[in-house]
Amino acid sequence: MTTAEPLLRIHGLSKLYGEVPAVDRVDLEVAQGEVVMIIGPSGAGKSTMLRCINRIEQPSEGEIVVAGVNMAGEMQGGRFVADGPVATARKRRKIGMVFQRFNLFAHLTALDNVAIGPYRVLGAPLAEARETARELLERVRLADHTAKKPSQLSGGQQQRVAIARALAMRPVLMLFDEPTSALDPELVGEVLEVIRSLARDGMTMLVVTHEMQFAREVGTRVIFMDMGRFLEQGAPGALFANPQHDRTREFLRRISHRPETEAARQPR
Amino acid sequence: MGGVDWGVMWYAAPYMLTGAVVTLEISALAMLAGTSIGVICGLLSLSDLAPLKWLVRAYVYFVRGTPALVQIFLVYFALPVIGIEISAFWGGVVALAFNSGGFIAEIVRAGLQSIDAGQTEAAMSIGMTNRQTLLHILLPQSLRRITPPLTNEVITLVKSSSLLSAISIFELTRSTQVIIAQKFTPFELYALLAVYYLVIISVLSKVSEYVEARLS
């Protein structure tokens, strides 16, 4: 076990919908620079767990600490005081999130989608915010598309703008919620390539994904989640080559058969 | 007997114009106040403040469930009873603002709710507060969707202002009725009255078409 404080520490996290736990007493520690891939069947609670980390979803129980900051509140005079909405919003700034459906701001250009965070939230001058945005869009190879509205961009381009938008806040942690699941197959690669380059730069990331090849190559750790719990985790090589749990084996078997069944449907 | 008396129209038109000015004044003031009330109430009905939410709901329920004429009488006769003395003109403004505010609250609420939840989540994810999300993300996007129903509401408001003739405000309808009482030519003058309203409302529609085009 490491002695250094992990960048992300989740302890006893649960999210209940009525009586039903979507996330069930999850513990997780992620060190700086780790890329944690979360796989598992739909309805396993993967997205819900991510959304609890930046409190887009209110956790029912448990503690989440990001870079030493408790996401729920602060100790004041020996007493825990829960954050109000403004304090929560402030704490979200350093956690970037990328959504399955991109969720770009529909009324803004690609450039302003990226600039609006630094400008409105961080209070940077507009010209400076746009300059930052331009650099980030260049980094995701969209320098030629800055003036386009989201509706004029392909899914893959939209998702890359969304990544740039998250990066513009200079996050210490990035959450990816199935970033390629809504994309046409031929557009998946360009988005994965951007995530891969972030990993190379040492960004700490949690990625919910169904791209097993990508998870194996880019992840420093893979977690298999089912029924709201972590059933199994480990180094990608080990987990994919030699899954310990029956359900993991079953899941990987079904996933690996998927392309073949798709191919079987193709011939005409 | 028989035949249309065109001459009376020339006689009445300038008088009616002064009435039309009052109609426009009242409508404009009621529209401003009603829109303010409507936006505030619409936002409140989406907030987490349960008591205020219920208050707004009761207000909308009342406005929707009672005739505008009854609301006008209530304001006109009830305000003095609770010690508020205002002129008929301002009573009319208050009554119409009260009426349109309830409908506009619903328009604003529906407009904001029609924006995809993903927009709010994305705004939250970059650290926007509720206020920033509303101001910079939701309102700009809902404005375009709100404009057509809001135009309808303004048109309804202008037409409802004719009801103020019942509390003796010399707006367009009332001023026409006064001349009819002198000249006994109801058909000609009510026809002219209709034309006046048509002109006012056509201009409003054009303005709103322009605004809509600018927003899209």
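R109(B) is partly exposed, because its relative accessibility is 23% and the buried class ends under 20%. This value, like every other here, comes from a predicted model.

**A bridge along one helix**

R109(B) has a partner. Its side chain meets that of E106(B) in a salt bridge, 3.1 Å from N to O. Both residues sit in helix α4 of chain B, which covers residues 88-113. They are three residues apart, about one turn of the helix.

**The build of chain B**

Which elements make up the rest of chain B? It has eight helices and zero strands. Along the sequence the pattern reads α-α-α-α-α-α-α-α. The C-alpha atoms fill a box of roughly 75 × 45 × 25 Å along the principal axes.

Chain B has 216 residues, and 43% of them are buried. Now take its contacts with a separation of 6 or more. Residues 24 or more positions apart account for 78% of these. The accessible surface of chain B is about 11400 Å². Carbon and sulfur atoms hold 70% of that area.

Charges come next. Chain B carries 12 positive and 12 negative charges.

**A nonpolar patch on chain B**

Where does the surface of chain B show a nonpolar patch? It is formed by L143(B), V195(B), V199(B), V203(B), V207(B), Y210(B), V211(B) and L215(B). Together these residues have about 670 Å² of accessible area. Helix α8 of chain B, residues 186-215, gives the largest share, with seven residues.

Y210(B) is one of the patch residues, and it is found in helix α8 of chain B. Is Y210(B) buried or exposed? Its relative accessibility is 52%, so it counts as exposed; the cut-off is over 50%.

Over all chains, the count of salt bridges comes to 22.

| Salt bridge | Closest N and O atoms |
|---|---|
| K91(A) and E74(A) | 2.7 Å |
| R139(A) and D201(A) | 2.8 Å |

Start with K91(A) and E74(A), a salt bridge at 2.7 Å. This pair links distant parts of the chain, 17 residues apart. K91(A) lies in helix α2 of chain A, residues 85-92. E74(A) lies in strand β6 of chain A, residues 73-76. How do the two ends sit against the surface? K91(A) is buried, because its relative accessible area is 9%, under the 20% cut-off. E74(A) is partly exposed, with a relative accessible area of 33%.

Next come R139(A) and D201(A), joined by a salt bridge with the closest N and O atoms 2.8 Å apart. R139(A) lies in helix α4 of chain A, residues 126-139, while D201(A) lies in the loop between α6 (185-200) and β10 (204-208) of chain A, so the pair ties together parts that are 62 residues apart in sequence. R139(A) is partly exposed, with a relative accessible area of 42%. D201(A) counts as exposed, at 54% relative accessibility.

Salt bridges can also join into a group. Which residues of chain A form such a network? They are E193(A), R196(A), R200(A) and E217(A), linked by salt bridges.

How values were computed: Residues numbered from 1 in each chain as written. Chains lettered and ligands numbered in written order. Predicted model: local features only at pLDDT ≥ 70, side-chain atom pairs only at ≥ 80, totals over all residues. Heavy atoms only, no water. Patch = residues over 30% accessible without salt bridge, like charges linked within 9 Å, V, L, I, M, F, W, Y side chains within 5 Å. Areas by Shrake-Rupley, 256 points an atom, 1.4 Å probe, with all protein chains shown as cover. Salt bridge = Lys/Arg side-chain N within 4 Å of Asp/Glu carboxyl O. Helix = DSSP H or I, 4+ residues; strand = E, 2+ residues; numbered from the N terminus. Buried < 20%, exposed > 50% of the residue type's maximum accessible area, 1.4 Å probe, protein only. Contact = heavy atoms within 4.5 Å. Lys, Arg positive; Asp, Glu negative; His and termini not counted. Charge placed at Lys NZ, Arg CZ, Asp CG, Glu CD.
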